[in-house]
Structure formats: structure tokens, C-alpha cells
Amino acid sequence: MKIKSTSDRFRIKKINYFLEDAVNDYIASRTLFLAQLPVQASILSSTAIEKLIKAILALNGNECKGHLKKAHRQALKNFDQEGYKRLSEDFLELNQKVYKMRYSEVLPVGFNVVIATREFLTELDYTFISLFKNISFSNKTGLFEGTSLFSMINSKDERLLRDNYMFQDIDKETFIYNHFQFIYEMRIMKDKEPIKMQYWSERRPKREGYLRESLIIVDKKDLGVTSLNIDMAFYPMEPIK
């Protein structure tokens, strides 16, 4: 990674504002994911990543206004190409997509999304903490870590550490899929009406990737009668008998 530094007081102040706001949104997002509120959680995930990218860009005296978009991803890639390769571009794009869900009535026909809470939160933890490591602070006596995220790590704050893959000695795939998770799927139909499904799953998804299609409508003919079936992205857990 290219090492960047600044002693510009205005830049440092701006970076600090972005960092603190990003951490607040990140912790709020984690809290909501763990409470099975995936839509609200994913929107705050989007703003957390957006503000963290803006803090990184401010280190160079650059800025990219607006909510999370392709220009932010490209600017981040230009800042650290090697680091960017370790991130999931599909996950960043999903975060851009879910921000539109703040207002359901403006979502276009065909808009669809799958939010698998454990999968999403694990990738958020990985992405946010990996990006956060790009920024540190130093003075004449050497390096010091003066942000709320490091304070939460040092104090073992449960809001940060609970079910956080980054503090576990386990590979990501095992961490995600060896545990049941809450799934939210939504699609806007031709009449502009949304269909939504929420359920628990303990298996790997039918369709891989963060940008997987949700609630695919399948025409099924049985004895000459056509019916509509909905194909979900994950396998729902069987009800307890």
C-alpha cells in the first residue's frame, strides 16, 4: 500500500469527522443486523463505508461528494490498488444498491435484493476494519491510535466484538455458513407492488454472490394449470415439528 501522510490541520479535522461518523454508523449497523433489522442495518452499512472512503480520500486532500457510488469505488481503487483487490466489489455495489431502499415508493420495477444477515455483517466487518487500517495518527513521540474504534477494541466493547469475524480464528466461509442466519428478500413487481419474504436458513445459498437475484418468479404448469412459484435465493429452514 502507498503510505500517505498529512500534517494539514484542516485535513486532519475533516478526516476525524468522517471517521467518527463512519464508526457510529458501523456500530449502529452491527446492532441492527444482530436484531434482525436487515433493511435499516444495510442502509447504515452503506453510509458507514461511504464516510470511511471519504476519510481515506481526504488524506490526499481529495473528495468525492454524494452517497456511495461507482466514483467512490474507483477513487478507493486508485488510492490503494492492492488493498482494493482484497475487497469484494460486488459487496460494495450491494451497499450502493441498498441505500435506495430508504424510500420504497421510488424503487423501480424489477428492483430486487437479498440481504443474508450473517453473510452481510461478516463482509461489512471485514471491509470496514480492513479500510480503517489505512488510517492512523502519529505525533512527535510516535504512532498513537486516537479514534473511537480503537477505544472499543481496547475496552472489548460487546457492540463491536459480538459475532465479529475479524476477531475470530476461523475462515470466513465456515464462520458464515456453519450457523443459521436471517434472510430478507424483496422484489418490486410490474404493478409497483413489492413482494417480501423473511425467513431463517442454515444452508449455503442456491445462488452465489452478493448481487444474487431474489424471489425469481417461475411459471409452473401442472395438469394444464399454470401457477406462479417463487424461487428464493436461500433454502428456508424446515419448521420444527
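This briefing describes the fold, confidence, surface, selected residues and salt bridges of one protein model.

The model is predicted: local features need a pLDDT of at least 70, side-chain atom pairs count only at pLDDT 80 or more, and totals for chains, interfaces and linings use all residues. Residues are numbered from 1 along each chain as its sequence is written, and side-chain values use heavy atoms, with hydrogens and water left out. The protein has nine helices and seven strands; helices (H or I, at least four residues) and strands (E, at least two) are DSSP runs, numbered from the N terminus. Of its 241 residues, 43% count as buried. Buried means under 20% relative accessible area, exposed means over 50%, and partly exposed is in between, with a 1.4 Å probe and protein chains only.

**Confidence**

- The average pLDDT of the protein is 86, and 87% of the residues score at least 70; pLDDT is the predictor's confidence in each residue, from 0 to 100.
- Confidence is highest in strand 1 (residues 112-116), with a mean of 97.
- Strand 3 (residues 142-144) is where confidence is lowest, with a mean of 41.
- Over residues 139-144 the pLDDT stays under 50, and the model has six contacts beyond four places in sequence for them. A contact means heavy atoms within 4.5 Å.

**Overall fold and surface**

- Taking contacts between residues at least 6 apart in sequence, 65% join residues at least 24 apart.
- The protein has an accessible surface of about 13600 Å², and 51% of it belongs to carbon and sulfur atoms. Accessible areas come from the Shrake-Rupley method with a 1.4 Å probe; for residues, only the protein chains shown count as cover.
- A nonpolar patch on the surface is formed by Phe-180, Trp-200 and Met-237, which together have about 270 Å² of accessible area. Patches are made of residues with over 30% relative accessible area and no salt bridge, where like charges are joined within 9 Å and nonpolar side chains (Val, Leu, Ile, Met, Phe, Trp, Tyr) within 5 Å.
- Met-237 sits in the segment after strand 7 (225-231) and is partly exposed, at a relative accessible area of 33%.

**Helix 6**

- Helix 6 (residues 117-132) contains 16 residues and spans 22 Å from its first C-alpha to its last, close to the 22 Å expected at 1.5 Å a residue. The expected span of a helix is 1.5 Å times one less than its number of residues.
- Helix 6 is largely enclosed by the rest of the structure, because 15 of its 16 residues are buried.

- Thr-47 belongs to helix 2 (residues 38-58) and is buried, with a relative accessible area of 11%.
- Beyond residues up to four places away in sequence, Thr-47 touches Asp-25 and Tyr-99.
- Phe-111 is in the loop between helix 5 (89-98) and strand 1, and counts as buried at 7% relative accessibility.
- Setting aside neighbours within four places in sequence, Phe-111 contacts Lys-97, Lys-100, Met-101, Met-186, Arg-187 and Ile-188.
- Phe-111 and Lys-97 are 14 residues apart along the chain, and their C-alpha atoms are separated by 9.4 Å.

**Salt bridges**

- The count of salt bridges is 14, each being a side-chain nitrogen of Lys or Arg within 4 Å of a carboxyl oxygen of Asp or Glu.
- Lys-54 pairs with Glu-50 in a salt bridge whose closest N and O atoms are 2.9 Å apart. Both residues lie in helix 2, four residues apart, about one turn of the helix. Lys-54 is buried at a relative accessible area of 12%, and Glu-50 is buried at 7%.
- Asp-157 forms a salt bridge with Arg-159, with the closest N and O atoms 2.8 Å apart. Asp-157 counts as buried at 16% relative accessibility, whereas Arg-159 is partly exposed at 49%.
- Arg-207 and Asp-231 meet through their side chains in a salt bridge of 2.7 Å, N to O. Arg-207 lies in the loop between strand 5 (194-201) and strand 6 (216-222) and Asp-231 in strand 7, so the pair ties together parts that are 24 residues apart in sequence. Arg-207 is buried at a relative accessible area of 17%, while Asp-231 counts as partly exposed at 24%.
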